Amino acid sequence: MDILQKEKKLDALINELHRLDDEAAIQSIKQNIENYKQKAMRSLSAWDRVLLARHQDRPNAKMVIEGVFDDFIELHGDRAYEDDKAIIGGIGLLNHQAITIIAQQKGKTTEENIACNFAMPHPEGYRKALRLMKQAEKFNRPIITIIDTPGAYPGLGAEARGQGEAIAKNLFTMSDLKVPIITLILGEGGSGGALAIGMGNQVLMLENSIYSILSPEGYASILWKDSSRSKEAAEAMKLTAYDLEEIGIIDDIISEPLGGAHRDKAQTFESIKNKLSEILDDYQAMSQFEIQQERYKKYRSIGFFQRFNYENLKGVVK
Amino acid sequence: MKREQFKEAFKKKKAFTHALKTYKKKPLHQIKQPDVPKGLYEKCPSCQATLNKSHMFEHMFVCPKCDHHMRIRAIDRIGITVDEHSFVEKGFGYITLNPLFQDHYEQKIVEYKKKTNLDEAYIYGYAEIKGEPLIIGVMDSYFMMGSMGSVVGEKVTKSIEYAIYKKLPLVMFVASGGARMQEGIYSLMQMAKTSSALKRLDQQGLLYISVLTHPTTGGVTASFASLGDIIIAEPKALIGFAGPRVIEQTIKQSLPEGFQRSEFLKDKGMIDKVVHRKDLKDTLSKIIRLHQGGN
């Protein structure tokens with residue numbers, strides 16, 4: 001049973017209780033159930049976190065922007081083809097400092113989701129992000145990117161307009177920007193679609209968000225030819241914030257209220273805001289060259305392998 | 001005291017030379033051909049014509065009847081592209097590990113190593129094409145579909161850095177199924193790594209030609225394959241980010257004929273040129289010569 005099913009069952013039990021007469025008994029049983037719920041939420045499995053990251057009520061990018069930044073102005077279009085609604089961008093204030101914000105937007109209702117294509121960007125979206133990043137560099141504004149996407153959109157138009165090239169160009173350009181990029185993974189971070197705006201100097205993750213090369217379902221169906229084993233895949237893929245922090249892919253974890261960000265949005269936004277302003281303060285003392293170098297070194301050093309050399313032979317061959 | 005140190009150093013040296021000897025590659029003709037039916041003849045996958053294997057190298061692994069470009073081993077690719085005896089391999093000794101502790105991954109790697117006689121799906125080194133020096137990097141799609149894990153990402157980055165160090169043009173032959181799923185998030189980050197290395201190459205004003213061959217898909221398309229100053233493709237190669245099967249599942253209809261093939265992408269303005277394998281050597285040498293002032 002995963003966390004959402006457990007929760008539903010407990011809520012049903014509480015409703016049942018109201019039919020009883022004894023007020024004191026009801027209170028004590030309620031307390032017990034509440035304790036059990038909290039205990040369950042403290043020991044989440046990887047699959048539970050996948051479900052929380054995709055939760056219907058989880059705050060989306062627009063809510064975060066509204067809750068964290070002031071005076072946000074949205075800017076549209078890639079100046080070449082059309083405006084992609086899966087990626088929103090603009091300028092806002094964080095503690096009276098102008099910031100360029102680029103975010104992947106999930107809808108709350110079905111209509112909204114169809115309009116923004118379930119947060120799966122087309123090449124236009126990446127090109128819009130690139131335009132806004134170059135603009136930020138020109139005016140020396142830090143960039144904050146918010147990631148919440150299942151992945152790039154696998155469709156005819158996206159392929160014909162050069163999806164791969166658009167992502168590659170973003171990575172190519174982001175590696176050398178003179179302003180700091182801070183990436184926040186809000187919900188799902190999937191594949192190249194997430195990385196295309198996620199090459200930050202600092203990568204932060206919310207406690208219950210996930211970041212992976214593809215969805216657990218896709219992983220199970222590619223490697224094991226069985227998409228029903230997605231729970232197992234979620235455990236094997238090391239996609240939770242704690243796993244990724246341990247291996248040094250991300251830099252910090254922002255804690256969420258117990259039971260997920262949707263339980264207490266104001267508190268979530270507060271902790272996001274505190275973390276972001278703390279990091280931005282650090283970058284104010286750094287020169288442009290240092291910022292470029294930091295980002296280059298961060299990504300240059302990621303990899304897990306060994307190299308055969310003189311030193312490695314010590315003890316192996318006698 | 002000193003004597004002991006000398007002794008130790010001597011031991012080390014002996015061990016090193018021994019390891020190097022056992023490590024050295026076999027000569028070209030001794031390398032086993034994987035996944036090809038044993039015997040003298042093989043069938044063209046496109047027109048089913050029976051072809052004599054011993055003539056394949058002369059035909060550059062192109063079917064003489066229907067012009068089908070076959071998948072090709074990295075070592076053969078170097079053989080038909082660069083001048084004879086000019087290739088010097090660099091970047092030996094990378095060992096693939098199992099970062100996410102996936103089941104059966106190590107065994108798979110060992111199997112592929114035996115089968116292909118390669119360390120990983122990418123080899124690079126110094127070579128000459130019609131006397132023009134360059135750094136050449138070739139992916140081998142027979143090694144786990146040429147997928148990009150930590151080692152391939154690192155070797156690609158090293159080859160780019162070697163080109164920067166030597167101030168030579170870089171030519172990369174890409175054939176890959178994308179990122180290696182078994183290495184998970186590490187594979188994804190190789191996209192960022194290779195792209196940022198290419199940015200440095202770009203800033204040095206050096207030429208980078210990427211040659212896309214069948215198949216080029218996934219994370220490789222979304223990083224170094226698409227970043228060439230000049231992008232060349234072989235005829236009818238499959239090139240794209242999402243695989244055709246995934247697209248079909250998403251849009252729930254079959255794809256049009258020729259979709260994601262080189263000719264289609266050329267029409268859409270995504271690549272510079274579609275070049276037949278027989279003309280590739282001439283084209284490459286011409287482009288490199290033109291970038292050196294036409295001497």
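Two residues are taken to be in contact if their C-beta atoms, placed from the backbone, lie within 7 Å. With that in mind, select chain B of this predicted model, where, among contacts between residues at least 6 apart in sequence, 68% join residues at least 24 apart. Chain B holds eight helices and 11 strands, and 41% of its 295 residues count as buried.

**The side of chain A that touches chain B**

Next, show both chains together and select the residues that meet across them: 45 residues of chain A are in contact with 48 residues of chain B. On the side of chain A that touches chain B, at least two residues each come from H7, H8, H9, strand S7 (210-212), helix H10 (216-223), H14 and strand S9 (305-307) of chain A. Which element gives the most to that side of chain A? It is H8(A), with seven residues. Coloured by class, the residues on that side of chain A divide into 28 nonpolar, 11 polar and six charged.

**Helix H8 of chain A**

Stay with this element and select residues 163-174 of chain A, which form helix H8. Its 12 residues, at 1.5 Å a residue, should span 16 Å, and the end C-alpha atoms are 17 Å apart, which agrees. Is H8(A) mostly covered or mostly open? H8(A) is mostly covered, with 11 of its 12 residues buried; among them are A:Gln163, A:Glu165, A:Ile167, A:Lys169, A:Phe172 and A:Met174.

**Where H14 of chain A crosses H5 of chain B**

Now select helix H14 (residues 288-300) of chain A and helix H5 (residues 184-203) of chain B, whose axes come within 8 Å and cross at roughly 130°. That angle makes H14(A) oblique to H5(B), and the crossing of the two is left-handed. If you show side chains here, the residues of H14(A) to look for are A:Tyr296, A:Tyr299 and A:Arg300, which meet B:Met189, B:Ala192, B:Lys193 and B:Ser196 of H5(B). By class, this contact of H14(A) with H5(B) has four nonpolar, one polar and two charged residues.

**A helix pair within chain A**

For a pairing inside one chain, select helix H1 (residues 3-17) and helix H2 (residues 23-42) of chain A, which pack at an angle of about 175° with their axes 11 Å apart. Angles over 145 degrees count as roughly antiparallel, and H1(A) and H2(A) are therefore roughly antiparallel to each other. From H1(A), the contact is made by A:Ile3, A:Lys6, A:Glu7, A:Leu10, A:Leu13, A:Ile14 and A:Leu17, while H2(A) brings A:Ile26, A:Ile29, A:Lys30, A:Ile33, A:Lys37, A:Ala40 and A:Met41. The residues of this contact of H1(A) with H2(A) divide into 10 nonpolar, no polar and four charged. As background for reading such a list, an α-helix has 3.6 residues a turn, so residues three or four places apart point the same way.

**Backbone details**

Select A:Arg79, which has a positive phi of about 65° although it is not a glycine; A:Arg79 is found in the loop between strand S1 (70-75) and strand S2 (87-94) of chain A. With 10 C-beta neighbours inside 10 Å, A:Arg79 counts as exposed.

In chain B, go to B:Asp67, another residue other than glycine, with a positive phi near 65°, placed in the loop between strand S2 (50-52) and helix H2 (74-81) of chain B. B:Asp67 is partly exposed, with 15 other C-beta atoms within 10 Å.

Then select B:His214 and B:Pro215, which are joined by a cis peptide bond with omega about -10°. B:Pro215 is found in strand S8 (residues 208-217) of chain B.

**A last stop in a loop of chain A**

Finally, select A:Pro257, in the loop between strand S8 (252-254) and helix H13 (265-284) of chain A. Which residues does A:Pro257 contact, leaving aside its neighbours within four places in sequence? They are A:Arg263, A:Asp264, A:Gln267 and A:Thr268. A:Pro257 counts as partly exposed, with 16 C-beta neighbours inside 10 Å. To end with a distance to draw, the C-alpha atoms of A:Pro257 and A:Tyr283, which are 26 residues apart along the chain, are separated by 28 Å.

Conventions
Residues are numbered from 1 along each chain as its sequence is written. Chains are lettered from A and ligands numbered from 1 in the order in which they are written. This is a predicted model: local features need pLDDT of at least 70, side-chain atom pairs count only at pLDDT 80 or more; totals for chains, interfaces and linings use all residues. Axes are lines fitted to C-alpha atoms, for helices over the stretch in contact, and angles run from 0 to 180 degrees between N-to-C directions. Helices (H or I, at least four residues) and strands (E, at least two) are DSSP runs, numbered from the N terminus. Angles under 35 degrees count as roughly parallel, over 145 as roughly antiparallel, 65 to 115 as roughly perpendicular and the rest as oblique. A crossing is left-handed if the near helix is turned anticlockwise from the far one by less than a right angle, and right-handed if clockwise. Ala, Val, Leu, Ile, Met, Phe, Trp, Tyr, Cys and Pro count as nonpolar, Asp, Glu, Lys and Arg as charged, and the others, Gly among them, as polar. The expected span of a helix is 1.5 Å times one less than its number of residues. A residue is buried if 20 or more other C-beta atoms lie within 10 Å of its own, exposed if 12 or fewer, and partly exposed in between; C-beta atoms are placed from the backbone.
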